[in-house]
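I want to look things up piece by piece and jot down what I find.

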Amino acid sequence: MKKTHEIKEVIDIPLAERRYLVKEKLKLKKRILFISPFFILFFSFITFTIKNYLKINTANLENAKESDSSLLGHLPYKETTKEKLVFIEPHIWVHKDMSQALLQMQADAKKEGVFLVFLSGFRSIKLQDEIFYSLKSIRNQIASERARVSAPPGYSEHSTGFAIDIGDANRRETDFEVEFENTIAFRWLKNNAAKYHFRLSFNKNNQNVDYEPWHWRYEGSIEALKAFEASNRKLKMLSN
Ligand SMILES: [Zn+2]
């Protein structure tokens with residue numbers, strides 16, 4: 001009953017008034033059409049901002065996780081197994097993945113009159129432990145001071161077998177010294193090492209670890225890349 005009453009009421013509206021209502025309806029439609037792109041834009045912006053916020057937060061969380069696992073600026077590294085090591089010269093063992101590239105690099109440098117000498121390759125966590133604690137006490141240094149020049153045991157790239165300390169055979173006084181950066185050997189390495197998949201591990205931007213121009217690491221195999229994944233992410237962040 002009520003319904004028929006309502007219909008009657010609508011029909012009862014005079015024609016002029018009905019036209020006015022239709023016009024108003026059209027105006028409203030136009031307004032909605034005009035405003036809707038702004039609404040879409042506004043909502044897209046909000047969605048974009050929220051997504052970005054979540055992304056940044058996830059990245060921060062990952063960074064926090066990483067810095068949690070690092071010790072005095074050094075990342076943790078597992079010791080490689082004996083089966084993966086090869087002997088390249090007296091006292092120098094390296095990961096079999098990098099041995100060929102390393103020897104090739106040395107041979108190619110020699111052809112250009114540059115004599116690279118290998119100072120230290122694989123180091124077990126046990127040996128790293130001895131180096132870290134004995135030198136710390138000999139030099140009367142606290143752990144954080146020692147960590148600037150030597151990684152704590154379990155945190156050395158040398159444990160992976162993919163790190164090598166290199167010197168200049170004609171400038172042995174520069175072994176393990178920053179002065180090594182002024183040798184022909186270092187200049188040659190800087191210009192050529194990447195061709196053999198070697199890169200400098202501790203550059204001048206590092207806040208916790210001193211610059212080590214003699215310390216290079218191999219990134220030419222999947223296993224090596226996996227070992228240095230966290231470190232490379234950190235380096236990328238620092239360079240951004
Ligand atoms: Zn080293």
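**Entry 1: what kind of model.** I noted before anything else that this is a predicted model.

Entry 2: I looked up β1, residues 85-89, and β2, residues 92-95, and found them paired in the antiparallel sense over four bridges. Which residue of β2 is the bridge partner of Glu 89? I found that Glu 89 is partnered with Ile 92.

**Entry 3: His 91.** I checked its backbone and got a positive phi of about 70°, even though His 91 is not a glycine. I stopped at that, since most residues other than glycine have a negative phi. Is His 91 buried or exposed? I counted His 91 as exposed, because it has 10 C-beta neighbours inside 10 Å and the cut-off for exposed is 12 or fewer.

**Entry 4: Phe 176.** I found another positive phi in a residue other than glycine: Phe 176 has a value near 60°. Phe 176 belongs to the loop that runs between β4 (163-168) and α6 (184-192). With 15 other C-beta atoms within 10 Å, Phe 176 comes out as partly exposed.

**Entry 5: helix α3.** I moved on to α3, which covers residues 96-111 and so has 16 residues. From first C-alpha to last, α3 reaches 24 Å, close to the 22 Å expected at 1.5 Å a residue. Which residues of α3 are buried? I wrote down Met 98, Leu 102, Met 105 and Ala 109. These four cover an arc of only 60° around the axis, so they are on the same side of α3. The spacing made sense to me: an α-helix has 3.6 residues a turn, so residues three or four places apart point the same way. On the other side of α3 I found exposed residues, namely Gln 104, Ala 107, Lys 110 and Lys 111. Just after α3, Gly 113 takes a positive phi of about 80°.

**Entry 6: Leu 71.** Last, I went to the loop between α2 (15-69) and β1, where I found Leu 71. Leu 71 counts as partly exposed, because it has 16 C-beta neighbours inside 10 Å. What does Leu 71 touch, leaving out residues up to four places away in sequence? I got Pro 152 and Tyr 155. I also checked Leu 71 against Ala 151: they are 80 residues apart along the chain, and their C-alpha atoms are separated by 8.9 Å.

Note on methods:
Residues numbered from 1 in each chain as written. Predicted model: local features only at pLDDT ≥ 70, side-chain atom pairs only at ≥ 80, totals over all residues. Pairing = 2+ DSSP bridges. Helix = DSSP H or I, 4+ residues; strand = E, 2+ residues; numbered from the N terminus. Buried ≥ 20, exposed ≤ 12 C-beta atoms within 10 Å, placed from the backbone. Expected span 1.5 Å × (residues − 1). Arc of directions from axis to C-beta. Contact = placed C-beta atoms within 7 Å.
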